[in-house]
Amino acid sequence: MIRNYLMIALRNLTRNKAFSFIHITGLGIGLACCMLIFLYAKDEWTFDRFQAKADQLYRITCSIVEKDGKESRIGASAMVQGPAFKAAIPAVQDFVRVQESDHLIRIGAETYSEHVAWADANFFSVFSFPLKSGNAASVLGDQHSVVLAEDEAIKYFGTADPIGKIIELEFNDTFQPFTVSGIARRSPQNSTIRFGFVLPFSYREAKEPESTWDWLSYPTYLVLAPGTDPAAVTRQMNNHYQQVNSKQIAEMKSLGQGSFTWGLQAFPAMHLDPDMYATSHVSDPAYSYILSGIAIFILIIACINFINLTIAQSIRRSKEIGIRKVVGGQRKQLVFQFLGESVLLCAFAFVLALVIAVLALPTFNQLANKQLSLTYLADPLVIAGYILLFLVTAFVAGFYPALVLSGFDPVKTLYNRVSAGAGRNLLSRSLVVVQFSLSTFLIIATLFVYAQFDFLTHKPLGYNDHNLLQVTAHKDGDKQLMKLLKQEFSKLPGVLSVAPRMNGIWVTRSKANEKDVEVLIEHIDESYLATMEVPLVAGRNFSPDFPADSTRAVLVNESYVAAAGWKDPVGKKLRLNQDKDQLEVVGVVKDYHFASLKEKIMPQIFSQGPSMPFGQFMIRISPDDKARTLAGIGKVYNSLVPFRPFEYDYKQDLNFRDYESEQRWKSIISFAAVITIFISCIGLFGLATTSIRRRIKEIGVRKVLGASEFQISRLVSGNFLVLVLIAFLISVPLAWYAASSWLQGFAYQVQGYWWIFPVACAATVAVALLTVGSQAFSASRANPVKSLRTE
Amino acid sequence: MLELRHIYKWFNSGNNRTFLLKDINLRINEGEFVSIMGPSGSGKSTLLNIIGMLDGFNEGEYEFLGESVHSLKDKQKSSLYKKHIGFVFQAYHLIDELTVYENIETPLIYQDIKSSERKAMVADMLDRFQIVGKKDLFPTQLSGGQQQLVGIARALIARPKLLLADEPTGNLNSKQGEEIMELFSELNKSGVTIIQVTHSEKNAEFGSRIIHLLDGMIEK
């Protein structure tokens with residue numbers, strides 16, 4: 001019986017090549033999307049799960065609540081928490097501090113800039129990072145030891161055995177020797193902790209000991225005894241902190257500073273908690289949800305194609321069904337037959353999907369910012385998931401048609417009295433509406449993302465980011481050197497102006513007009529505004545003509561003026577932090593977007609204060625012969641700062657990098673929109689074909705009666721266009737809601753986007769018209785004599 | 001073998017009740033070869049379908065091999081007719097996607113007969129109708145007469161007691177038609193009860209009894 005079913009299923013497939021193509025491609029693409037996203041989601045949800053002690057490992061977190069109730073959560077602690085908690089709390093079996101930082105390393109005569117991890121000596125025994133050589137317990141025991149990852153070992157030492165070799169690492173301006181004591185296997189890509197070089201934390205601790213509790217720079221992991229309640233440990237941690245630091249806590253309170261509360265975060269939970277600062281490779285679970293949603297959208301659309309077309313095609317199969325019933329087939333047997341056919345078809349689609357998934361994996365990795373590999377496919381969980389996916393799809397797609405088809409009355413089918421059919425019944429019309437609602441939703445969403453992205457990347461920033469270089473000197477304390485660098489850079493042909501500034505961001509409090517104003521401090525000199533091309537709206541710039549400027553004068557931006565509530569800001573006084581000295585506002589800077597457009601412009605103070613360091617240069621260069629200018633700057637840098645490789649960025653590139661995730665979303669959603677509209681359209685194409693085939697006689701009669709080709713095309717297409725328009729009306733409010741919630745995440749949003757709706761509508765209608773219209777037109781051109789003679 | 005008593009079938013259109021069959025009383029004995037004749041729309045096919053249990057009726061009683069069909073459930077009816085009745089149609093109604101062999105085999109599949117046994121039975125039938133050479137062809141590759149031969153082979157494969165034929169020669173030329181009719185007489189002689197609907201006086205003559213239908217009633 002199975003053989004018979006298989007045979008007829010196969011023959012049906014080959015007989016209706018167009019429909020088989022629609023079914024298999026549609027389902028194949030849908031399944032492929034689901035497969036890839038399943039891989040993605042699995043990777044996200046099993047992140048860090050490979051750690052054998054995953055259930056015992058916790059990270060110490062810190063929640064800081066400011067006076068105004070603002071809370072920030074940080075996944076790092078100071079140096080002392082680990083040892084202190086281990087000593088005080090019996091359930092804490094062990095602690096590991098892991099700090100990542102950038103360092104210069106020297107091997108032989110060559111220097112390289114590398115990202116290294118400083119870790120406590122038990123790093124390799126607590127975490128499941130296997131060693132290729134070396135003893136996990138003792139490999140970081142010596143303060144001058146270093147463990148290399150296998151890739152780095154090959155990169156720097158080739159085939160030679162690196163054990164015992166010396167790597168020099170720059171630490172506070174001198175190179176210190178470290179001996180390679182072990183080689184570690186490459187850390188898995190679904191690991192929060194990844195490393196190329198692991199160095200002993202004890203070295204760092206010895207060189208720069210710290211005893212404060214509030215310098216949160218070192219992610220610290222605790223190993224709790226099995227079965228320990230982390231909430232109990234958290235209570236003990238905070239009690240201990242209160243006891244040891246009672247004086248300091250009281251002082252912080254009196255100064256109005258934030259209060260610290262310690263917490264524990266399960267190690268595997270770190271990856272999907274983007275609100276916690278200081279997690280590497282952190283990810284937003286929203287990505288998983290949205291991607292899964294899109295994949296399910298696409299699969300639903302493909303299943304709808306299957307359902308609709310199978311039912312539309314049922315006229316052709318009705319005779320077979322009638323005969324099977326007459327010769328004794330029971331409904332149940334027929335349901336099995338049709339379900340079997342959908343399983344077979346799904347099997348083909350599944351194979352196609354595997355091929356697509358394998359081919360699309362590199363592109364998908366790029367889109368999703370992942371390094372998923374094909375070896376993942378061999379995972380039992382993935383295989384089980386795929387089999388489930390396959391069965392569910394086959395069942396969802398096949399069940400309803402099987403029920404409908406098997407329910408045909410044999411007498412009616414054999415005497416040509418069946419009236420159900422393509423594009424006529426309510427269900428299939430509703431399904432088309434669902435399909436096109438999803439497609440238009442995605443089209444509208446895509447247009448929104450494009451519009452916002454264009455806005456983000458083209459909105460005037462208030463300064464000129466073209467031909468603007470940012471060069472970090474990495475010599476923050478050395479004022480003489482910074483001065484010399486500025487002089488030498490300025491002499492170069494092609495360099496238009498040079499402005500030093502403080503490296504990094506400093507946010508603090510100020511008092512002005514009796515108000516507390518949270519403020520971003522910018523440490524600059526008189527050349528900064530000119531280099532950035534930011535105008536002043538009132539007062540004057542810093543100037544060497546006013547020697548007192550450096551200690552007494554500041555510039556503020558317009559947002560500061562607004563926050564302070566000043567009418568006439570020039571000449572007004574303000575204070576920083578708890579400083580006693582008053583500073584005088586000498587000029588007001590026009591607001592500019594120093595950060596990305598995802599953030600509001602903050603109040604800013606520009607100061608020349610001599611106590612603050614410079615660490616970075618903004619350099620405006622001429623657009624001509626940039627290569628020569630860059631080479632010149634690099635030469636100057638290398639001559640004055642030995643060993644350190646010259647690094648620079650174009651400010652424009654840096655700005656663009658702020659929108660990397662938006663860029664990714666843009667690609668993801670465009671792909672999704674193209675795929676859904678494609679699958680919807682091949683479905684519509686199939687439906688139109690069947691509908692026209694069914695109406696061929698009607699079209700013939702109308703032609704004989706004198707209908708024009710246009711009238712007939714309109715008659716045939718109109719039916720479907722109405723559905724597409726209804727779908728559009730349904731999707732507009734949904735898409736608008738989704739898009740505006742997405743836009744809420746940006747401080748600055750694109751305005752005047754109403755054009756998006758008519759454009760999306762026109763695009764959908766145009767695609768649908770092309771799909772149906774081509775069919776309708778060829779039907780209208782057909783010779784009526786032929787179609788009328790068939791019966 | 002079967003008996004129809006006071007069978008009525010109608011449908012309502014608006015306020016009018018249109019009768020397809022009106023008070024049909026009919027008794028057919030085992031071994032008979034009955035021809036049903038009548039103009040278009042007189043209810044011939046409806047009557048045949050009711051006898052074949054493919055169609056229901058609104059009023060009356062129907063007894064088949066001692067079973068009261070009017071009180072049977074669909075499933076019971078289906079197992080009753082698939083065991084005892086074979087159907088032949090004017091338009092042959094072969095499954096286009098299956099070969100001659102597979103078409104003939106289909107009823108056996110639904111009767112849960114083992115594969116080896118099916119093979120023997122189909123081979124036997126192909127032999128008897130001398131269409132062994134055509135067994136791997138698809139219906140569209142055959143002439144009308146050959147297709148009807150396959151149709152009859154399929155109807156007979158499960159060894160039914162009753163063969164129902166709805167204008168079996170309607171789509172055939174006269175020579176092919178005559179051959180089919182001769183086949184029917186032979187089958188009848190070998191013990192199969194046959195009821196056929198036909199337009200042709202000549203074909204009706206092959207039967208042992210002729211029933212004339214007019215406007216849903218049997219003409220006395």
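User: Which hand does the crossing of α9(A) and α14(A) have?
Analyst: The crossing of α9(A) and α14(A) is left-handed. Keep in mind that this is a predicted model.

User: What angle and what distance between axes for that pair?
Analyst: Helix α9 of chain A packs on helix α14 (residues 426-458) at an angle of about 155 degrees. Their axes are 10 Å apart.

User: Staying on α9(A): where does Leu309(A) lie, and is Leu309(A) buried or exposed?
Analyst: Leu309(A) lies in α9(A), which covers residues 285-312. Leu309(A) counts as buried because it has 26 C-beta neighbours inside 10 Å. The cut-off for buried is 20 or more.

User: New pair. How do α2(A) and α12(A) cross?
Analyst: Helix α2 (residues 17-45) and helix α12 (residues 380-406), both of chain A, cross at roughly 150 degrees. Their axes come within 11 Å. This crossing is right-handed.

User: Which side chains are in that contact?
Analyst: α2(A) brings residues including Leu27(A), Leu31(A), Cys34(A), Phe38(A) and Lys42(A). α12(A) answers with Leu381(A), Val382(A), Gly385(A), Tyr386(A), Leu389(A) and Thr393(A). By class, the contact of α2(A) with α12(A) divides into 10 nonpolar, 2 polar and 1 charged.

User: Switching to sheets. What is the strand order in the one with β14(A)?
Analyst: The order is β14-β22-β13-β23 in chain A. The sheet is open, has 4 strands, and pairs in the antiparallel sense.

User: Which strands stand at the edges?
Analyst: β14 (495-501) and β23 (648-650) of chain A. Each has a single partner strand, so one side of each is left without a neighbour in the sheet.

User: How much twist?
Analyst: The average is 25 degrees from one strand to the next.

User: How many bridges hold each pair?
Analyst: β14(A) and β22(A), the latter at residues 616-621, are joined by 6 bridges. For β13(A) with β22(A) there are 5. β13(A) and β23(A) share 3.

User: Which helices lie across β14(A) and β22(A)?
Analyst: One is α15(A), residues 479-491, which runs at about 165 degrees to β14(A). Another is α19(A), residues 626-640, at about 150 degrees to β22(A). Helix α19(A) also lies across β13 (468-472) and β23 of chain A.

User: Zoom out. How many helices and strands in chain A, and what span?
Analyst: Chain A has 25 helices and 23 strands. Its C-alpha trace spans about 100 × 65 × 55 Å along the principal axes. Of its 791 residues, 39% count as buried.

User: Last topic: how many residues does each chain put into the contact between A and B?
Analyst: Chain B gives 18 residues and chain A gives 20.

User: Which helix of chain B gives the most?
Analyst: α3(B), with 4 residues. Both α2 (74-84) and α3 (100-109) of chain B supply at least two. By class, the chain B side has 8 nonpolar, 5 polar and 5 charged residues.

Methods:
Residues are numbered from 1 along each chain as its sequence is written. Chains are lettered from A and ligands numbered from 1 in the order in which they are written. This is a predicted model: local features need pLDDT of at least 70, side-chain atom pairs count only at pLDDT 80 or more; totals for chains, interfaces and linings use all residues. Two strands pair if DSSP finds at least two bridges between them. Axes are lines fitted to C-alpha atoms, for helices over the stretch in contact, and angles run from 0 to 180 degrees between N-to-C directions. Two residues are in contact if their C-beta atoms, placed from the backbone, lie within 7 Å. A residue is buried if 20 or more other C-beta atoms lie within 10 Å of its own, exposed if 12 or fewer, and partly exposed in between; C-beta atoms are placed from the backbone. Ala, Val, Leu, Ile, Met, Phe, Trp, Tyr, Cys and Pro count as nonpolar, Asp, Glu, Lys and Arg as charged, and the others, Gly among them, as polar. A crossing is left-handed if the near helix is turned anticlockwise from the far one by less than a right angle, and right-handed if clockwise.
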